Amino acid sequence: MAKHEKISEAVVRRLPIYLRYLSYLQQVEVTTVSSQQMGRNLDVNPAQIRKDLAAFGDFGKKGIGYDVNYLVEQIRQILKLTDEIRVALVGAGNLGHAISNYNAYLKDNMRIAAIFDSNPNKVGNELAGLTIQPLDELAETIAAKQIKLAIITVPAPAAQSVCDLLTQAGIKGILNFAPTTIRAPKDVRIHYADVTSNLQSLAYYLT
Ligand code: ATP
């Protein structure tokens with residue numbers, strides 16, 4: 001495989017979508033797929049798919065298409081999904097409950113491995129097979145379980161302090177559901193799943 005120092009953000013965002021479709025093809029025992037077929041199913045331009053994948057080496061065979069199993073392996077490697085990735089969740093409220101219970105559907109060796117909350121009435125309760133832990137156990141648990149990613153589902157005013165705790169504990173990527181901007185050191189990646197602002201953007205397109 002070609003060495004890929006820097007993959008563009010757009011490609012990094014498309015690869016999981018390719019992977020999801022390819023995993024489905026594996027399930028239904030389809031062994032090869034063309035970029036046209038992928039493009040039709042994913043609503044992505046086939047030329048875009050070929051270009052994205054060519055950046056990592058010559059996976060496709062002209063006239064035959066891509067070997068599904070091989071491509072799945074390559075994409076998993078590129079996305080670093082080959083080892084189990086453990087995720088911490090902070091904030092076991094309504095949203096935190098929903099996401100924790102969604103755990104079973106997280107694919108590709110990814111799972112929520114620890115849940116934290118500051119409310120003493122919640123600490124010690126079971127959620128999705130885990131015991132909700134207090135924040136003073138956060139750093140130790142994250143280190144012990146080698147957790148690298150985190151989900152924030154606390155109210156907006158608490159998000160920055162939780163982000164600080166997480167980054168001090170060595171977390172390198174955060175998916176923030178709190179409706180607020182948070183700041184972290186440069187080597188920590190933050191993605192936002194801000195439901196309200198997403199809906200507000202959609203409102204603009206209403207006619
Ligand atoms: P509930 O009413 O059951 O608390 P909720 O979803 O309405 O649910 P929110 O106020 O949105 O609750 O808070 C989400 C969760 O985040 C709660 O469980 C709350 O205890 C927790 N929380 C709030 N502040 C912090 C913090 N600084 N650190 C960790 N967890 C926090």
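**Figure 1. Gly-91 in the loop between β4 and α5.** Gly-91 is placed in the loop that runs between β4 (85–90) and α5; helices (H or I, at least four residues) and strands (E, at least two) are DSSP runs, numbered from the N terminus. The model shown is predicted: local features need pLDDT of at least 70, side-chain atom pairs count only at pLDDT 80 or more, and totals for chains, interfaces and linings use all residues. Residues are numbered from 1 along each chain as its sequence is written. Gly-91 is buried, as 25 other C-beta atoms lie within 10 Å. Here a residue is buried if 20 or more other C-beta atoms lie within 10 Å of its own, exposed if 12 or fewer, and partly exposed in between, with C-beta atoms placed from the backbone. Apart from neighbours within four places in sequence, Gly-91 contacts Gly-96, Asp-117, Ile-152, Thr-153 and Val-154; two residues are in contact if their C-beta atoms, placed from the backbone, lie within 7 Å.

**Figure 2. The annotated binding site and Leu-95.** An unreviewed UniProt entry carries the annotation "binding site" for Gly-91, Ala-92, Gly-93, Asn-94, Leu-95 and Gly-96. UniProt positions are given in the numbering used here, feature names are shortened, and annotations may be inferred rather than shown by experiment. Within this group, Leu-95 is in helix α5. Leu-95 is partly exposed, with 18 other C-beta atoms within 10 Å. Neighbours within four places in sequence aside, the contacts of Leu-95 are with Thr-153 and Phe-177.

Figure 3. Helix α1 comprises 19 residues (9–27) and reaches 28 Å from its first C-alpha to its last, close to the 27 Å expected at 1.5 Å a residue; the expected span is 1.5 Å times one less than the number of residues. Leu-15, Tyr-18, Leu-19, Leu-22 and Leu-25 are the buried residues of α1. Viewed down the axis of α1, these fall within an arc of 120 degrees, so they line one face of the helix. The arc is that of the directions from the helix axis to the C-beta atoms. Glu-9, Arg-13, Arg-20, Tyr-24 and Gln-27 are exposed on the other side of α1. The buried residues of α1 are covered by elements including β1 (32–33), α2 (35–42) and α4 (68–78). Just after α1, Glu-29 has a positive phi of about 60 degrees.

**Figure 4. The annotated DNA-binding region.** The annotation "DNA-binding region", from an unreviewed UniProt entry, covers residues 17–56. Over residues 17–56 the chain is 70% helix and 5% strand, and the end C-alpha atoms are 16 Å apart. Asp-43 is in the loop between α2 and α3 (46–54). The phi of Asp-43 is near 60 degrees, a positive value in a residue other than glycine. Asp-43 is exposed, with 7 other C-beta atoms within 10 Å.

Figure 5. Leu-71, Gln-74, Ile-75 and Ile-78 are the buried residues of α4. Down the axis of α4, they fall within an arc of 95 degrees, so they line one face of the helix. They pack against α1 and β3 (65–67). Lys-80, in the loop between α4 and β4, has a positive phi near 60 degrees. Lys-80 counts as exposed, with 9 C-beta neighbours inside 10 Å.

**Figure 6. Asp-67 in strand β3.** Asp-67 belongs to strand β3 and is partly exposed, with 16 other C-beta atoms within 10 Å. Residues up to four places away in sequence not counted, Asp-67 touches Thr-31 and Thr-32. Asp-67 and Thr-31 are 36 residues apart in sequence, yet 6.0 Å apart in space, C-alpha to C-alpha.
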